[in-house]
Amino acid sequence: MNIAIMGAGLSGLACAITLEKNGVQPTIFEKRSKVGDRFVNGEVLLSIFTRPVHDCIASLSEQFGIYLQPVSNIQQMVIMSKNEKAIIEAQLGFTNIRGREEDSFEAQLSRQVKSPIRFHSEETYEQLLANYTHVVLATGDGEYAKKTRNFREDLTVSIKGATVEGTFDRYAVMSWIDYDMAPFGYGYLIPLSEKEANIVIAIPDIPSTRGVELEHLWGPFHQKVQSELSQPLPITDQFQISKYPMGICRSARIGNTFYAGNCFGSMMPFMGFGQYIALLTGVYAAYDLCGLGSYEELTAPLRQSYENSLVLRRAMEQMDNPDVDRIVRMLQGYLGEKLFQTKRLNPLKLASYIMRPYVKYKQGVTT
Ligand SMILES: Cc1cc2nc3c(=O)[nH]c(=O)nc-3n(C[C@H](O)[C@H](O)[C@H](O)COP(=O)(O)OP(=O)(O)OC[C@H]3O[C@@H](n4cnc5c(N)ncnc54)[C@H](O)[C@@H]3O)c2cc1C
């Protein structure tokens with residue numbers, strides 16, 4: 001058995017680490033010049049989205065021997081809608097860095113890998129399949145899954161982000177769900193340190209946002225964050241992604257090809273979280289390759305999480321600012337405390353169960 005992993009990102013590297021632990025050495029093909037050679041951005045691992053696992057950093061090390069150091073553990077999350085504000089205080093998860101920084105998640109993972117990584121790779125999937133017994137597709141998007149007719153694309157999202165300088169509390173993250181500011185989307189601030197943070201705005205590319213330019217939304221969003229923090233927040237770096245696809249593969253494994261990370265469908269349509277699931281798909285693909293389980297069966301709960309998240313995304317598209325205000329008002333009280341603090345509760349599953357009839361009704365009304 002000789003295994004090629006296409007892509008040295010979260011899922012590809014998690015797969016390599018797990019294979020090595022089981023005595024198998026894969027070859028990793030990465031198109032860029034080094035691991036994480038892209039824009040720097042802050043991401044989060046929120047425990048409400050990784051349930052039943054509450055502390056995914058601890059779980060990754062204890063269960064799978066994958067060691068990651070986040071930037072901080074999140075102790076406060078501020079959620080703002082047009083007229084309401086909820087401040088949630090609890091152990092909510094972690095912030096981490098992605099991209100070309102020394103301590104980005106992909107850089108940390110690559111230091112745990114012993115297998116060769118072939119950078120500047122121009123190898124195609126077809127070439128790898130011809131030369132290796134198994135291929136793990138971990139390229140971070142659905143392109144190959146689409147090309148092999150194995151991907152259901154559900155939506156695309158356009159994203160604009162920047163690194164800003166200022167004074168930040170690294171244990172606190174902020175988010176805005178205000179449809180005047182980001183129609184049917186959201187904005188957020190994630191500190192990278194006490195002196196730098198990432199601010200990002202994202203909107204779905206749906207008929208109701210046709211003609212809306214991210215460029216035009218950006219200025220008012222930046223001003224909103226500046227006034228909320230009472231700081232000038234000068235921009236030191238920027239990125240923009242148009243029509244980032246979100247969807248899920250139809251089969252996690254076809255023949256000797258494994259679809260991992262975003263090629264599987266790790267990115268959750270509701271708010272775009274995908275890191276933890278990307279890591280799990282890498283581990284599970286390796287388990288299957290080592291005869292320790294079936295990839296299709298191991299990923300079945302992840303597929304269900306994706307479908308639940310899609311219901312919430314569709315529900316968001318049916319709401320308006322007063323609806324969002326009502327939800328944020330509820331989160332500020334008893335409900336918010338219970339949702340975020342009760343470890344046994346799976347809010348994603350529960351909310352999608354409650355919202356499913358609403359979405360079906362609304363879609364029926366509008367079609
Ligand atoms: C702006 C933004 C913000 C996000 N925020 C969050 C967040 O806060 N929390 C969260 O959980 N998730 C977040 N996500 C989602 C999360 O980053 C992804 O789900 C996760 O990184 C997917 O991992 P992956 O292994 O599939 O891909 P990646 O980690 O992106 O790795 C893919 C690798 O494949 C390489 N590659 C691509 N094509 C080829 C090729 N042809 N040959 C060889 N190599 C190739 C790439 O260069 C890259 O190194 C965010 C995503 C974006 C875009």
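Modeller: Start with exposure: buried means under 20% relative accessible area, exposed means over 50%, and partly exposed lies in between (1.4 Å probe, protein chains only). This model is predicted, so local features need pLDDT of at least 70, side-chain atom pairs count only at pLDDT 80 or more, and totals for chains, interfaces and linings use all residues. Residues are numbered from 1 along each chain as its sequence is written, and side-chain values use heavy atoms, with hydrogens and water left out.

Colleague: Is F49 buried, exposed or partly exposed, and why?

Modeller: F49 is partly exposed, because its relative accessible area is 23%.

Colleague: How do I read aromatic pairs, and how many does a search of the whole structure find?

Modeller: Rings of Phe, Tyr and Trp (its six-membered ring) pair if their centres lie within 6.5 Å. Planes under 30 degrees apart count as stacked, over 60 as edge-to-face, and the rest as tilted. The search of the whole structure finds 12 aromatic pairs. Take F49 and F270: the ring centres are 6.1 Å apart and the planes stand at 65 degrees, so this pair is edge-to-face.

Colleague: Where in the chain do F49 and F270 sit?

Modeller: Helices (H or I, at least four residues) and strands (E, at least two) are DSSP runs, numbered from the N terminus. F49 is in the loop between β3 (41-46) and α2 (56-64). F270 is in the loop between β14 (257-259) and α7 (275-289). The pair links distant parts of the chain, 221 residues apart. F270 counts as buried, because its relative accessibility is 16%.

Colleague: What about W176 and F221?

Modeller: Their ring centres are 5.8 Å apart and their planes at 85 degrees, so the pair is edge-to-face. W176 belongs to strand β9 (residues 172-176), F221 to helix α6 (residues 214-229), and 45 residues separate them. W176 is buried at 2% relative accessible area, and F221 is buried at 0%.

Colleague: Which residues form one aromatic cluster with F49?

Modeller: F270 and F273.

Colleague: Which ring does the charged end of K160 sit over?

Modeller: A charge sits over a ring if NZ of Lys or CZ of Arg is within 6 Å of the ring centre and within 35 degrees of the ring normal. K160 sits over the ring of W218, 5.4 Å from its centre. R38 lies over the face of F39, at 4.4 Å from the ring centre.

Colleague: What does V135 touch?

Modeller: Contact means heavy atoms within 4.5 Å. Not counting residues up to four places away in sequence, V135 touches A4, Y125, L128, L129, N256, T257 and F258. V135 is in strand β7 (residues 134-137) and counts as buried at 0% relative accessibility.
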